[in-house]
Amino acid sequence: MEVATIDRSREWTVNDYLKLEEGLLAQLIDGSLIMSPAPSINHQRVIGKLFKILDGLSSGEAILSPVDLYLNNQNVLQPDLVFISNEKKAIITDRGIEGVPDLIVEVISPSNSFIDRNTKKRKYLQFGVTEYWIIDPANKTLEVYTPEDEDQPRLYLVNEGDISSLISEALSFDLKEIL
């Protein structure tokens, strides 16, 4: 297997990205390679709790990170959690997810806040995700974005009761369950 060196002076493609060592926490955003440290234990706990909720839905499949989400030849992102409806299951391949899931979830960490709130949000909405969730454990909030309300997300606070989603009528939970 050929291994790529990290050359930040040029634009990367999916072919370059695929030469990286497997398991590396890296993303390809607009041809730039972005690397991240491993997430915190609290980050993983939040994602694990939400995964259990989503995994219980019969209308699709929940997939945990790390997983490559291929949007095009210059964008391979690694969301924390995705949900793919049964109607879209064909986008799940041996390589990763090749298309846009119904739901993408990112949990904010100090090292990724700017990228998740700006760059990745813009990409996910540009490519047509039904819902993009940003969970902020420090502030105990959930922001729900859709392509129609990119600048006006629905904001949920931890003590506001049940949260529902556009992706499934069966998806309803109390934010306290995951935070």
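This is a predicted model: local features need pLDDT of at least 70, side-chain atom pairs count only at pLDDT 80 or more; totals for chains, interfaces and linings use all residues.
**View 1. Salt bridge between Arg95 and Glu98.** A search of the whole structure finds eight salt bridges, and the pair Arg95 and Glu98 is one of them. The closest N and O atoms of Arg95 and Glu98 are 3.3 Å apart. Arg95 is partly exposed, at a relative accessible area of 38%. Glu98 is also partly exposed, at 35%.

**View 2. Salt bridge between Lys120 and Asp116 in helix α3.** The side chains of Lys120 and Asp116 meet with an N to O distance of 3.7 Å. Helix α3 spans residues 113-126 and holds both partners, which lie four residues apart, about one turn of the helix. Lys120 counts as buried, with 2% relative accessibility. Asp116 has 1% relative accessibility and counts as buried too; buried here means under 20% relative accessible area.

**View 3. Salt bridge between Asp136 and Arg117.** The closest N and O atoms of Asp136 and Arg117 are 3.1 Å apart. Asp136 lies in strand β9 (residues 131-136) and Arg117 in helix α3, so this pair ties together parts that are 19 residues apart in sequence. Asp136 is buried, at 6% relative accessibility, whereas Arg117 is partly exposed, with a relative accessible area of 22%.

**View 4. Network of Glu106, Asp116 and Lys120.** Salt bridges that share partners join these three residues into one network.

Terms used
Residues are numbered from 1 along each chain as its sequence is written. Side-chain values use heavy atoms; hydrogens and water are left out. A salt bridge is a side-chain nitrogen of Lys or Arg within 4 Å of a carboxyl oxygen of Asp or Glu. Buried means under 20% relative accessible area, exposed over 50%, partly exposed in between (1.4 Å probe, protein chains only). Helices (H or I, at least four residues) and strands (E, at least two) are DSSP runs, numbered from the N terminus.
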